[in-house]
Amino acid sequence: MDPIEQLLAERACRRLLLDLVRSLDLDEPASVADLFTEDGTWTWPEGDRRITGRAALRAHFGARPAAERQTRSRSLMSSVHVEVTSPDTATATSYFTTFRVDDHDRSATVGAGPGPGAGLGLGPGRPRGEPPAPPAAEPDVRIGHYEDTLRRTPDGTWLLAARTLFLPRGGPAPLL
């Protein structure tokens with residue numbers, strides 16, 4: 001494979017993986033399915049769960065309970081290693097840390113909205129120097145990695161053919 005083609009394939013695969021995390025973080029779960037092949041799979045070895053097919057993935061991620069949609073998450077991806085195995089296939093391993101916070105209490109939002117201290121990290125309507133209210137619950141931190149298989153479609157688009165989630169660490173984290 002030409003070195004430039006390999007770099008472009010690696011870049012496209014890396015971007016695909018980051019787009020998937022972004023879709024989940026921005027609560028656009030139905031769009032996650034569009035990043036998979038028609039027969040794509042997402043597997044959670046713990047609990048022996050597996051979802052197969054774009055339609056099933058769309059249904060799964062689009063049917064998140066209201067309580068889950070009340071949670072804000074932000075994921076940090078690191079060490080995204082893409083190995084192009086042929087002109088049309090690749091594998092990837094990426095590590096992540098996801099922070100989830102219950103969104104029921106928006107008073108913990110810092111620097112948003114009008115009022116004294118807005119934009120200064122004091123929150124809306126808080127007097128200068130008064131710290132923001134703590135969140136209603138401690139953040140939930142998930143640490144793990146994904147192992148992915150990617151395929152290039154006939155039109156040149158890279159999609160996920162298989163994703164496996166490994167989650168060796170998860171649970172509430174103390175406030176810092």
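D140 is buried, with a relative accessible area of 15%; buried means under 20%, exposed over 50%, and partly exposed in between, judged with a 1.4 Å probe and protein chains only. By salt bridge we mean a side-chain nitrogen of Lys or Arg within 4 Å of a carboxyl oxygen of Asp or Glu.

Before going on, note that this is a predicted model, in which local features need pLDDT of at least 70 and side-chain atom pairs count only at pLDDT 80 or more, while totals for chains, interfaces and linings use all residues. Residues are numbered from 1 along each chain as its sequence is written, and side-chain values use heavy atoms, leaving out hydrogens and water.

The structure holds 7 salt bridges. Another one of them joins E38 to R54, with the closest N and O atoms 2.7 Å apart. E38 sits in strand β1 and R54 in helix α3, so this pair ties together parts that are 16 residues apart in sequence. Helices (H or I, at least four residues) and strands (E, at least two) are DSSP runs numbered from the N terminus. D148 belongs to strand β5 and R163 to strand β6, 15 residues apart, and both residues are buried.

Now look for the largest nonpolar core, which has 28 residues. Such a core is a set of buried Ala, Val, Leu, Ile, Met, Phe, Trp, Tyr and Cys residues joined through side-chain atoms within 4.5 Å. Here L20, W42 and L150 touch the most other members. Helix α1 provides the largest share, 7 residues.

Not counting residues up to four places away in sequence, W42 touches L20, R163 and L165, among others; contact means heavy atoms within 4.5 Å. W42 also forms a stacked aromatic pair with W44, 5.4 Å centre to centre and with 15° between the planes. For such pairs, rings of Phe, Tyr and Trp (its six-membered ring) have centres within 6.5 Å; planes under 30 degrees apart are stacked, over 60 edge-to-face, and the rest tilted. Together with F36, F61, F96 and Y146, these two tryptophans form one aromatic cluster.
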